[in-house]
Amino acid sequence: MRAVRLLDWGREPVLGEVGRPVPREGEVLVEVEAAGLCHSDLHVIDAAPGALPYRPPFTLGHEVAGRVATGSDAGERVVVHGPWGCGDCPRCAVGRDNLCDRRGELGWHGVGLGRDGGMAEYLLVPSARHLVPIGDLSAEQAAPLSDAGLTSYAAVAGVRHALGEDTTAVVIGVGGLGHLAVQILRATTASRVLAVDIREEALALAQRSGAHEGTLLRADTARVLRAAAGGVGADAVLDFVGNDATVGLAVDVLRPGGELVLVGSGGGRLTVRKPGVLPPGFRLSLPFWGSRPELGEVVALARSGALHVETERFPLSEAAEAFGRLRRGEVRGRAVLVP
Ligand code: NAD
Ligand code: ZN
Ligand code: ZN
């Protein structure tokens, strides 16, 4: 079968031929219908040797939806909960594989992250417990829900308590994750939602997603955002970029007691010191993906019509073009590969 393979660190992935996996006892074969491209795939491709607890070669693709091909559930349409934990610890027992206690010993971070992923015709899933039914949702919609949707959902869930009436949430980076974060904030909180990006096109997407205002990142953005947040500053900032500039902006914009949710892996630094520049009561969270029950909630939200993923579809044979567009910052919403 055809598969998009990462053959070595620092090399662009290539479309190759590999054997179709044969499931053993307890494993499930899924016929892939769609696989999303995530900015994290670029961080993985570009990783320095030894920086991650796994190594190439493997097939990329950690946002996967398709049809069960084997076993008693054959034919069922599913999305794959991607962080594959040990399966035995108290976290995995309740579907929180994303925070598995044995994460450091596994040798992978999940599907397409050290284990063969879903940018292929078939995907081998180690256990049926990683599958969430999608009903009549299209695979192109469902696949991005498993990371872009789920991670954004978990990020918002962590700060929902702070986003009642007369509050402000700021979303930095309105790409695959950010445009869904805007929709989830609108669907599940009462906050005013402000969006920041470096691309006009992304701000238009933020507006279509329900943001109240959007602003380009500039020298005076902190002032503009504070004014838009009633002069007092934001209650929460969700940073889907995470570089020095955006983390600094977040700290400048948060009001006392404000929450920074750092999702983007842009390598930005934050100095924690008392006394220091962080506002009093400042809280920081570092979500990694989300739990399987939360993925069920995201799927339900999408099926209710509250979430719509903007996608750009590419056949598997055009994976290189899709990765090129992602790298150049040209994707609107989420790029999705269809075998
Ligand atoms: P994306 O490429 O689809 O979107 C990124 C967006 O940020 C784009 O709209 C881009 O224009 C904008 N942007 C870039 N630089 C900016 C800046 N300096 N200021 C404002 N906006 C800027 O990326 P994505 O797939 O949505 O992923 C976003 C980040 O989240 C990546 O770093 C990714 O690795 C990370 N991520 C983390 C998790 C997690 O579990 N913590 C999960 C998925 C992705
Ligand atoms: Zn991802
Ligand atoms: Zn575990």
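Student: Why is strand β18 called largely enclosed?

Tutor: In this predicted model, 4 of the 5 residues of β18, which covers residues 334–338, are buried, so the strand is largely enclosed by the rest of the structure. Buried means under 20% relative accessible area, with over 50% called exposed and the range in between partly exposed, for a 1.4 Å probe and protein chains only. A strand is a DSSP run of E with at least two residues, a helix a run of H or I with at least four, and both are numbered from the N terminus.

Student: How do you know which strands pair with β18?

Tutor: Two strands pair if DSSP finds at least two bridges between them. Strand β3 (residues 28–36) has 2 bridges to β18 and runs antiparallel to it. Strand β17 (residues 311–315) is joined to β18 by 5 bridges, in the parallel sense. Within these pairings, Ala35 has Leu337 of β18 as its bridge partner, and Thr311 stands opposite Arg334 of β18.

Student: What makes β2 and β4 edge strands?

Tutor: The sheet is open, has 3 strands in the order β2-β1-β4, and its pairing is antiparallel. β2 (14–17) and β4 (58–59) each pair on one side only, and they are the edge strands. Strand β1 (residues 2–6) runs antiparallel to β4, with 2 bridges between them. Leu6 has Phe58 of β4 as its bridge partner.

Student: Why is Asp239 counted as buried?

Tutor: The relative accessibility of Asp239 is 0%, so Asp239 counts as buried. Asp239 lies in strand β14 (residues 234–239).

Student: What does Asp239 touch, not counting residues up to four places away in sequence?

Tutor: A contact requires heavy atoms within 4.5 Å. By that rule Asp239 touches Ile172, Thr246, Val247, Leu260, Val261, Leu262, Val263 and Gly264.

Student: Why does Ala202 count as buried?

Tutor: Ala202 has 1% relative accessibility and therefore counts as buried. Ala202 belongs to helix α6 (residues 200–208). Beyond the neighbours within four places in sequence, Ala202 is in contact with Val174 and Asp197. Its C-alpha is 23 Å from that of Ala34, which is 168 residues away along the chain.

Student: How do you know that the radius of gyration agrees with that of a compact globule?

Tutor: The radius is taken over C-alpha atoms, and the globule rule is 2.2 Å times the number of residues to the power 0.38. For 339 residues the rule gives a value near 20 Å, and the protein has 20 Å, which agrees. The C-alpha trace spans about 60 × 40 × 35 Å along its principal axes.

Student: What do the totals for the protein say?

Tutor: The protein has 10 helices and 18 strands, and buried residues make up 54% of its 339 residues. Of the contacts between residues at least 6 apart in sequence, 71% join residues at least 24 apart.

Student: How do residue numbering and chain lettering work here, and what limits apply to the model?

Tutor: Residues are numbered from 1 along each chain as its sequence is written, while chains are lettered from A and ligands numbered from 1 in the order in which they are written. Local features need pLDDT of at least 70, side-chain atom pairs count only at pLDDT 80 or more, and totals for chains, interfaces and linings use all residues; side-chain values use heavy atoms, with hydrogens and water left out.
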